[in-house]
Structure formats: structure tokens, C-alpha cells
Amino acid sequence: MQYKTVTIEHPKRLKKGVAPELNAEYEQMINEQAVDGWKLLGIHPIEIRRKISCGQWCIGGFMFGSHNYFQADVLIFFKD
């Protein structure tokens, strides 16, 4: 059995109306993998923390801390 992972990253707090776009991205990825024989095993969320760059810091990042937080969902596929 073979396994494969694909990561889809998005902001931790979704703005109103973004969910349909994100759902479409998931559907597209799952369908693309299915064409090659991959089956979806599961989706697992992870949190990503990145340091704010100098440019972001200068335009107001200092007001919100030194890191940006993102959500990423890892799609796990398998193939027999």
C-alpha cells in the first residue's frame, strides 16, 4: 500500500463567504487525486506559526505580535 499527503493552507479565521471557495479547492484536489487512483483516507488539521517579516512588522504587525497563525489541512490519500 502507498500513501501520499497534500497540504492545503488557509487563514485560521476564515472571512465570511470564503468557505465555498475553500470547499471547491478540496473537491478539486480530491478529484485530481482520484483520477490517478488515490483514495482519500482522511483530513487532519494542523496549525502553522510563522514569524512576521520585517515588511509586515513595519506596517503594523507589531500591534498583533511577532507571528502569523495559519491553519493547514493535510489530506491523506492511499493507493493499493
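This is a predicted model: local features need pLDDT of at least 70, side-chain atom pairs count only at pLDDT 80 or more; totals for chains, interfaces and linings use all residues.
Residues are numbered from 1 along each chain as its sequence is written, and side-chain values use heavy atoms, with hydrogens and water left out.

**Figure 1. Overall arrangement of the chain.** Two helices and three strands make up the secondary structure, in the order β-α-β-α-β from the N terminus. Helices (H or I, at least four residues) and strands (E, at least two) are DSSP runs, numbered from the N terminus. Of the 80 residues, 28% count as buried; buried means under 20% relative accessible area, exposed over 50%, and partly exposed in between (1.4 Å probe, protein chains only). The chain exposes about 6,100 Å², of which carbon and sulfur atoms supply 56%. Accessible areas come from the Shrake-Rupley method with a 1.4 Å probe, and for residues only the protein chains shown count as cover. Among contacts (heavy atoms within 4.5 Å) between residues at least 6 apart in sequence, 73% join residues at least 24 apart.

Figure 2. D73 lies in strand 3, residues 67-79, and is buried because its relative accessible area is 11%. Not counting residues up to four places away in sequence, D73 touches V6, T7, I8, H10, Y26, I43, H44 and P45.

**Figure 3. V74 and its neighbours.** V74 also belongs to strand 3 and is buried, with a relative accessible area of 16%. Beyond four places in sequence, its contacts are T5, V6, T7, G42, I43, H44 and I46. V74 and V6 are 68 residues apart along the chain, yet a distance of 5.7 Å separates their C-alpha atoms.

**Figure 4. The largest nonpolar core.** Eight residues form this core: V6, I8, L22, Y26, M29, W38, L75 and F77. A nonpolar core is a set of buried Ala, Val, Leu, Ile, Met, Phe, Trp, Tyr and Cys residues joined through side-chain atoms within 4.5 Å. Strand 1 (2-11), helix 1 and strand 3 each give two or more residues to the core, and helix 1 gives the most, with three. Not counting residues up to four places away in sequence, M29 touches V6, I8, L75 and F77. In soluble globular proteins, nonpolar side chains tend to be buried together.

**Figure 5. Q33 in helix 1.** Q33 is placed in helix 1, residues 19-35, and counts as buried because its relative accessibility is 7%. Leaving aside neighbours within four places in sequence, Q33 is in contact with K4, V6, W38 and F77.

**Figure 6. The salt bridge between D80 and K39.** One salt bridge is found in a search of the whole structure. It joins D80 to K39, with the closest N and O atoms 3.9 Å apart. The pair links distant parts of the chain, 41 residues apart, with D80 in the segment after strand 3 and K39 in strand 2. A salt bridge is a side-chain nitrogen of Lys or Arg within 4 Å of a carboxyl oxygen of Asp or Glu. D80 counts as exposed, at 69% relative accessibility, whereas K39 is partly exposed at 45%.

**Figure 7. A nonpolar surface patch.** M1, Y3 and L41 make a nonpolar patch of about 390 Å². Patches are made of residues with over 30% relative accessible area and no salt bridge; like charges are joined within 9 Å, and nonpolar side chains (Val, Leu, Ile, Met, Phe, Trp, Tyr) within 5 Å. L41 is found in strand 2, residues 39-51, and is exposed, with a relative accessible area of 52%.
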